[in-house]
Amino acid sequence: MELQTRYTDISELLAIKDMPSAVAKPQLLLFNDKLADNFEIKHDSEYLAKLLSGSTIDKDVAPVALGYSGHQFGHFSPRLGDGRAHLLGAIADNNGTLWDLQLKGAGATVFSRGGDGRCAIGPAVREYIMSEALHALGIATTRCLAVVTTGETVYRQPPRPGAVVTRFAKSHIRVGSFQYLATQGDIEGLEKLVDYAINCHFPDISGTGEQRYIEFLTAVLDKQIELVISWMRIGFIHGVMNTDNTLISGETIDYGPCAMMNQFDLDTVFSSIDHQGRYAFGNQPNIANWNIARLAESLIPLFTDQDAAVEQLSPVVNGFAAKFNDAFNTMWQQKLGLAGQQEGDNALVSELLGLMKQHQLDYTNTFNALTESLVKDFVIDSNLKEWVSKWRLRTSAESYSTMRAVNPAVIPRNHNIEMILAEYEKAGSSLSINEFLKVIQKPYEYEEEFAAWYQPPKEGDCNYQTFCGT
Ligand code: AMP
Ligand code: MG
């Protein structure tokens with residue numbers, strides 16, 4: 001495996017050399033063969049287990065922990081950084097694109113602040129299956145190559161078996177990375193980081209001088225809109241949209257307290273610590289906008305005239321709402337297979353959402369039923385009867401294929417994920433994982449034989465809670 005060192009020449013604050021600590025008994029629990037094929041990674045499982053737990057480090061590999069700040073639930077922590085992650089380096093895929101290869105849970109780092117740098121098996125497996133599911137759903141996300149169990153106990157409430165996740169990301173440059181260099185006063189590093197991020201993620205940016213900062217902010221904003229729209233299209237609630245968990249590349253990162261919405265309600269929150277609903281399903285666009293404003297602030301020191309900087313950056317940040325609304329309207333139009341845009345479409349959407357909320361209808365299954373009803377007899381909730389007859393008048397021969405492409409039949413339902421994680425925590429293995437991974441690979445195909453995976457929990461999910469995955 002050929003790994004390149006990344007980030008170290010941007011700023012010495014950004015990437016700090018740090019070694020993973022070997023674990024007692026590394027064993028490969030999950031391995032993503034399909035992903036590995038993109039990178040020609042071919043090793044026996046014993047070697048992979050050692051490598052992907054940080055127990056063996058090749059001599060030409062120089063692992064680093066990355067520094068970053070973060071607004072966590074709105075409160076600024078100037079120095080967070082990778083407290084339980086080691087970046088081994090970047091690896092090229094078969095198309096020559098570089099991906100960071102990072103181990104999560106391979107021991108404490110210079111940024112650990114008293115944390116143990118470890119990860120328990122449950123959160124490790126959750127990250128693996130949720131990122132696989134989102135990828136299959138066509139959503140930009142970091143990927144997981146493997147989960148390795150460590151043979152050690154991590155001391156949580158209650159103690160759990162330990163594991164290390166191998167994460168692939170196009171980069172680990174976060175909004176918090178810019179905040180960090182700006183806060184530390186490393187303006188030269190900040191400028192280099194912008195140029196690195198442009199080169200890596202937005203090579204089409206043509207502006208030079210200060211203009212490129214404006215174009216960069218615009219490009220990041222556009223990616224965030226695309227990401228949040230794709231989450232909302234499938235009912236995904238990230239749960240912890242802090243600025244340190246917002247990647248410039250627009251990939252979903254950090255699957256700690258994430259969850260899927262079952263019954264439609266914009267106020268849905270599952271995270272045990274999100275008391276104010278800051279990261280509620282329907283508040284995700286506002287928070288993405290808020291995070292973009294934090295990125296804009298961190299770019300101000302790059303301008304010679306700071307007042308002029310604010311004048312130029314503000315319209316970009318303030319343009320979020322209009323751009324988002326356009327994209328959101330398009331999303332609903334596709335979810336309902338509406339041809340073109342007509343007056344009354346917004347009212348049609350609002351009416352449906354109102355009925356879904358009032359009758360506590362399942363988000364995924366309602367849109368799936370509407371989709372399938374165009375080609376076969378399919379039960380649609382009786383409360384929607386009148387609305388359906390109005391909607392039908394707005395559909396066309398293309399509606400089915402449009403709708404089928406954006407309305408999943410299956411999502412990684414919270415109760416199914418919990419069932420699988422419980423199996424791992426209890427027995428160290430799962431009888432259901434293979435079928436689940438198979439079902440979730442083709443989320444836009446409705447197949448009767450997988451119907452058991454399509455159902456929301458019988459008891460509802462008003463008591464469901466997620467926790468920050470440590
Ligand atoms: P996260 O919730 O994973 O985004 O983490 C937020 C911050 O807490 C990051 O700086 C993490 O590196 C750090 N952190 C989370 N869990 C641990 C842990 N077990 N040991 C050390 N640092 C941690
Ligand atoms: Mg994080």
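Predicted model: local features only at pLDDT ≥ 70, side-chain atom pairs only at ≥ 80, totals over all residues.
Local features require pLDDT of at least 70, side-chain atom pairs count only at pLDDT 80 or more, and totals for chains, interfaces and linings use all residues. Residues are numbered from 1 along each chain as its sequence is written, and side-chain values use heavy atoms, with hydrogens and water left out.

The magnesium ion (ligand 2) has Asn-245 (OD1) and Asp-254 (OD) as its protein donors, at 1.9 to 2.2 Å; donors are N, O and S atoms within 2.8 Å of the metal (3.2 Å for Na, K and Ca), and because water is not among the atoms, sites may look incomplete. Asn-245 counts as buried because its relative accessibility is 10%, and Asp-254 counts as buried at 17% (buried: under 20% relative accessible area, 1.4 Å probe, protein chains only).

The second largest pocket has a volume of about 590 Å³, the space filled by probe spheres set on grid points joined across faces, edges and corners. A pocket is an open set of points on a 1 Å grid over the protein atoms alone, where a 1.4 Å probe fits, with protein on both sides within 12 Å along at least five of seven lines; lining residues have an atom within 4 Å of a point. Among the 27 lining residues, Ala-140, Lys-170, Lys-223, Ser-249 and Gly-250 are the closest to the centre of this pocket.

Phe-216 lies in helix α6 (a DSSP run of H or I, at least four residues, numbered from the N terminus). This residue counts as buried, at 0% relative accessibility.

Definitions and conventions
Chains lettered and ligands numbered in written order. Buried < 20%, exposed > 50% of the residue type's maximum accessible area, 1.4 Å probe, protein only. Helix = DSSP H or I, 4+ residues; strand = E, 2+ residues; numbered from the N terminus.
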